[in-house]
4 protein chains.
Amino acid sequence: MQNAKLAAKVESQKHSVLQLTDSVSVGGEDLLIVGGPCSVESLDQMETVAQQLSGSVQALRGGVYKPRTSPYAFQGMGQDGLEILNTIRHRYDIPVVTEVMAIAQIEAVADHADVLQIGSRNMQNFDLLKAMGEIDKPVVLKRGLAATIEEFVMAAEYILAHGNSNIILCERGIRSFDSYTRNVLDLGAVVALKQITHLPVLVDPSHATGKRELVPDLARAAIACGADGLLLECHPVPEESVSDARQTLSLEDMNALVRSLKPIAAAVGRSLPVARRPKSEAPVAMAQ
Amino acid sequence: MQNAKLAAKVESQKHSVLQLTDSVSVGGEDLLIVGGPCSVESLDQMETVAQQLSGSVQALRGGVYKPRTSPYAFQGMGQDGLEILNTIRHRYDIPVVTEVMAIAQIEAVADHADVLQIGSRNMQNFDLLKAMGEIDKPVVLKRGLAATIEEFVMAAEYILAHGNSNIILCERGIRSFDSYTRNVLDLGAVVALKQITHLPVLVDPSHATGKRELVPDLARAAIACGADGLLLECHPVPEESVSDARQTLSLEDMNALVRSLKPIAAAVGRSLPVARRPKSEAPVAMAQ
Amino acid sequence: MQNAKLAAKVESQKHSVLQLTDSVSVGGEDLLIVGGPCSVESLDQMETVAQQLSGSVQALRGGVYKPRTSPYAFQGMGQDGLEILNTIRHRYDIPVVTEVMAIAQIEAVADHADVLQIGSRNMQNFDLLKAMGEIDKPVVLKRGLAATIEEFVMAAEYILAHGNSNIILCERGIRSFDSYTRNVLDLGAVVALKQITHLPVLVDPSHATGKRELVPDLARAAIACGADGLLLECHPVPEESVSDARQTLSLEDMNALVRSLKPIAAAVGRSLPVARRPKSEAPVAMAQ
Amino acid sequence: MQNAKLAAKVESQKHSVLQLTDSVSVGGEDLLIVGGPCSVESLDQMETVAQQLSGSVQALRGGVYKPRTSPYAFQGMGQDGLEILNTIRHRYDIPVVTEVMAIAQIEAVADHADVLQIGSRNMQNFDLLKAMGEIDKPVVLKRGLAATIEEFVMAAEYILAHGNSNIILCERGIRSFDSYTRNVLDLGAVVALKQITHLPVLVDPSHATGKRELVPDLARAAIACGADGLLLECHPVPEESVSDARQTLSLEDMNALVRSLKPIAAAVGRSLPVARRPKSEAPVAMAQ
């Protein structure tokens, strides 16, 4: 790991705390819980998600540019989806995270979202990494399907070396020989990353397992081993999700899961931020 | 998983609770923490371990028959090691767990230890599994280096089908492409095993990672995701351990680790048994 | 690979040539083609195989002790199967290869077969390896499902260190992430093994792929890269095979495959032994 | 594989034959051997390669945009390297293959090279794949480090679906647990790809093994199992190669390797095109 000049933990920088917005951060004592659907499908869908998760998550996720194995599968709502995310984040005063698949999308996504995500398949798309170094918004970098810990750190180093120090790593499961789970969640990598870098590390147990019944226990394990937060898939009607339905939690299960994290967080010296009253409810109340 | 007739969770048997001794069990509310060196090296070594861990573990481990990649590496103390284990378990009133590598060793090991372990390399040594079905002592069955969850459960089924229902599964890391950690700890498999079988499931983070600095965080993660206990390597002087020194905790770190587990256990509805006063201290007290 | 004292290639021993019988060897210029069913099912079955393959193979294979994932699956004919193999090898004057799963089976198998096989799941069953060192018959040692090249060589070293120098290595595919093929045939390992050891190396493309339509091309590749021979599954009626039917060739396809190997063998300085007239046909002819 | 509408083998299109130039093709009876250094380093270097390989290869390779794990490693000569490739291909009348890492590079690369390569790390860089569908030059698509056969075929389908039918697949080794070789060459995938698609399939044994001493045997195996050609790394002074030196053949070894392929090719009904007299020698001769 000798080449990781900027990502490496050093005496003067042990843990970076990054601001997603003025009031939401990651890497400090507060955990960051990000929830939302695999794909943005409609404004109604995102409204429901934002409202029902208002007390449990600090940020919303939702894909509008989708990396799909088949060119004939749903590729995401694109620009229309970005508009929805933009509406939601202002209406509910909550940061949104969404994936960028190409350099040409960066500007529009940076205008409509608070955090840009690089997906697993693009972890070593080096030109995209360099371009992400040119912006100043936080970037969630997901580990490649078969990336070593060193390759993962060095991918972050590409972004850092090109000028953007707001990097959040995300472990999301690696390829293995057993098809019982979609991937194998590598929490040992999370512990290692926290020891060798100063960057915040999130865990995505939804993509890691591909089965919603395995998600809550692994979410608790992630917090117990020192992750700085979670990326979780949930949907108002999971079985109607246009993508990754099998791994998607209901909103009720999502809220219950977050509540169950509190004592685990406390046991490892972390905390969950207190519930926020969503901004959009205020005007309604005042209108009475 | 249709063939797992006896290992499968059914309405009438959701969680088996197995007794290691009259006072120590696994699979119920109490967690089972097993600690000790990779290899039994001397009576002194095991005395020190037993005394210093008396407040934190419910069982001791130590190998006397060692599966080693090279025929020229230390192969374990054999019968002399069994005598040491036998002395320790009576002197300290604590159950001991040790590995059996061959059918010819079963009788002697069963006479000197409370729990017999099948190592990863023998997970599909079917004749050994069948022979373990003939005894009535608890068996810790470790997952093979590249065994699927189904193969693991079916290996347990071999023992069950031959008459022994005292099976404890143990996840200890699987082979992967990254050499940063020795193996990849697959906690998703732990969650899956708890859902599809009624058998207790332990986790061995020492073998999984091969690096002692990663062990405590993964031990906490294992408890958080529902494991019934832990198998941990520790040694009075870790760097002098004859095998697997790199992954071995000191006894002080071991005790600190177990203390840190309590709030995690509580958060998931489990508990750590209260510290026992080791039997051997009693005569000393009476001599006053 | 510093510990491989006996298996390592040295100036004085570059390629070991082992005799299976007086007239059949492996490791020299002649390739060794071994064919036969996954499981011995009946004397009729083996007679048909022996007769129809008489012009193309130098040895027959057939399992009588079967390592099966499930305890409820067919476990092999056992002693009855050994009798069949013994009848066949004498009647057709052809060596037979069969698997040994336990120390208790060694004596009987050595009495009824010419070559004993250690299966993948037992590659690190060290007590079985040691016991195989006590006999003087050739041993086919199959690579473990996730064994490194070093572990494979060191498993052979166990047998060598215990006195038996008649070891034949066999690459049979390793575990990987893609379920399209059952395993991934690692011909790079075959080339490496030929460079670092003096032991003969066979390739088993049947188990490696699990699909019969992939077998012939990979068999040709194996010979092209320097393998000393092949282990191939075939059956009079493949789809009626009691085990591994999907990967089993018909006897006609088997003979066609062997014919296609000749120019490949010639291209790399090897040859296929000339067809033998099976011994059993002689008495019939003389009786006329 | 039901979604592979355009890549799938069908009765009307069993094997596509693609033209790299008027006189060089791939996918027909003639094999395509592509040789050259990992990185283009100078015009002198490429001149030497072109001259010394003139009798053995049908195309040259050389990277000018290099995907490197570290941002601080040599990133390739870029545009200067393209000029060198362009000079060489005209001077020696030989097609050149080089990698494209980003959409912004496509136009320049297409102007200076005959075949564009998508590297393993970009196999699922879907926007790059779509952009490659817009050009009409042949594309070599390398299999991702841990891509399944289905994902590989569907990545080709992206390019096909966007209009470019000149796709050449390339197997280059997959990630595995053994670090003895850099990757594991998956020739079973080559056989499968030839059976399920009509696209030509090359094999790159240099990247697959990472060790030059393993390359020739695996090159022969690749041809024996039906590959349509090879991508091989070689350099005038291998140990001075700026990247991947350990896997690079000398030019003499390269020529010897190609000669050794002829009988293997003949054995499987293929042939190596006859040696061409390089164009550049002609003017020199005429000048006399």
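# Reading a predicted four-chain model: a dialogue

Modeller: Let us begin with one residue. B:Asp93 has 19 C-beta neighbours inside 10 Å, so B:Asp93 counts as partly exposed. Please bear in mind throughout that this is a predicted model.

Colleague: Where in chain B is B:Asp93 found?

Modeller: B:Asp93 belongs to the loop that joins α2 (79-92) to β5 (96-99) of chain B.

Colleague: What is the phi of B:Asp93?

Modeller: The general idea comes first. For most residues other than glycine, phi is negative, and most peptide bonds are trans. In this case, B:Asp93 is not a glycine, yet its phi is positive, near 50°. B:Asp244, also not a glycine, has a positive phi of about 55°.

Colleague: Is B:Asp244 buried or exposed?

Modeller: The cut-off for a buried residue is 20 or more other C-beta atoms within 10 Å. B:Asp244 has 20 C-beta neighbours inside that distance and therefore counts as buried. Its place is in the loop between β10 (229-235) and β11 (249-250) of chain B.

Colleague: Let us proceed to the chains as copies. What rotation superposes chain A on chain B?

Modeller: A rotation of 180° superposes chain A on chain B, with 0.0 Å of shift along the axis and an RMSD of 0.0 Å. The two copies are thus related as by a two-fold rotation axis. The same surface serves both copies, since 100% of the contact residues of chain A recur in chain B.

Colleague: Which residue of chain A comes closest to the rotation axis?

Modeller: That residue is A:Ala221, whose C-alpha lies 2.0 Å from the axis.

Colleague: How many residues of chain A are in contact with chain B?

Modeller: Here, contact requires C-beta atoms within 7 Å of each other. On that basis, 34 residues of chain A are in contact with 34 residues of chain B. In chain A, α5 (149-161), α6 (187-196), α7 (205-209), α8 (215-224) and α9 (251-267) each supply at least two residues of the side that touches chain B. The residues of this side divide into 21 nonpolar, 7 polar and 6 charged.

Colleague: How many residues does the contact take from chain D and from chain B?

Modeller: That contact takes 4 residues from each of the two chains. On the side of chain D that touches chain B there are 1 nonpolar, 2 polar and 1 charged. Chain D is superposed on chain B by a rotation of 180°, with 0.0 Å of shift along the axis and an RMSD of 0.0 Å. The C-alpha of chain D nearest that axis belongs to D:Phe177, at 2.2 Å. The copies meet through the same surface, because 100% of the interface residues of chain D are also interface residues in chain B.

Colleague: At what angle do helix α9 of chain C and helix α9 of chain D pack?

Modeller: An angle over 145 degrees counts as roughly antiparallel. The two α9 helices, residues 251-267 in chain C and in chain D, pack at about 175°, with their axes 9 Å apart. Therefore α9(C) and α9(D) are roughly antiparallel to each other.

Colleague: Which residues of α9(C) and α9(D) make the contact?

Modeller: C:Pro263, C:Ile264, C:Ala266 and C:Ala267 take part from α9(C), and D:Pro263, D:Ile264, D:Ala266 and D:Ala267 from α9(D). The residues of this contact divide into 8 nonpolar, no polar and no charged.

Colleague: How many Å separate the C-alpha atoms of C:Ala73 and C:Ile264?

Modeller: They are separated by 39 Å, and the two residues are 191 residues apart along the chain. C:Ala73 is placed in the loop between β4 (59-61) and α2 (79-91) of chain C.

How values were computed:
Residues numbered from 1 in each chain as written. Chains lettered and ligands numbered in written order. Predicted model: local features only at pLDDT ≥ 70, side-chain atom pairs only at ≥ 80, totals over all residues. Least-squares fit on C-alpha atoms with pLDDT ≥ 70 in both. Nonpolar A, V, L, I, M, F, W, Y, C, P; charged D, E, K, R; others polar. Axes fitted to C-alpha atoms, helices over the stretch in contact; angles between N-to-C directions. Helix = DSSP H or I, 4+ residues; strand = E, 2+ residues; numbered from the N terminus. Parallel < 35°, antiparallel > 145°, perpendicular 65-115°, else oblique. Buried ≥ 20, exposed ≤ 12 C-beta atoms within 10 Å, placed from the backbone.
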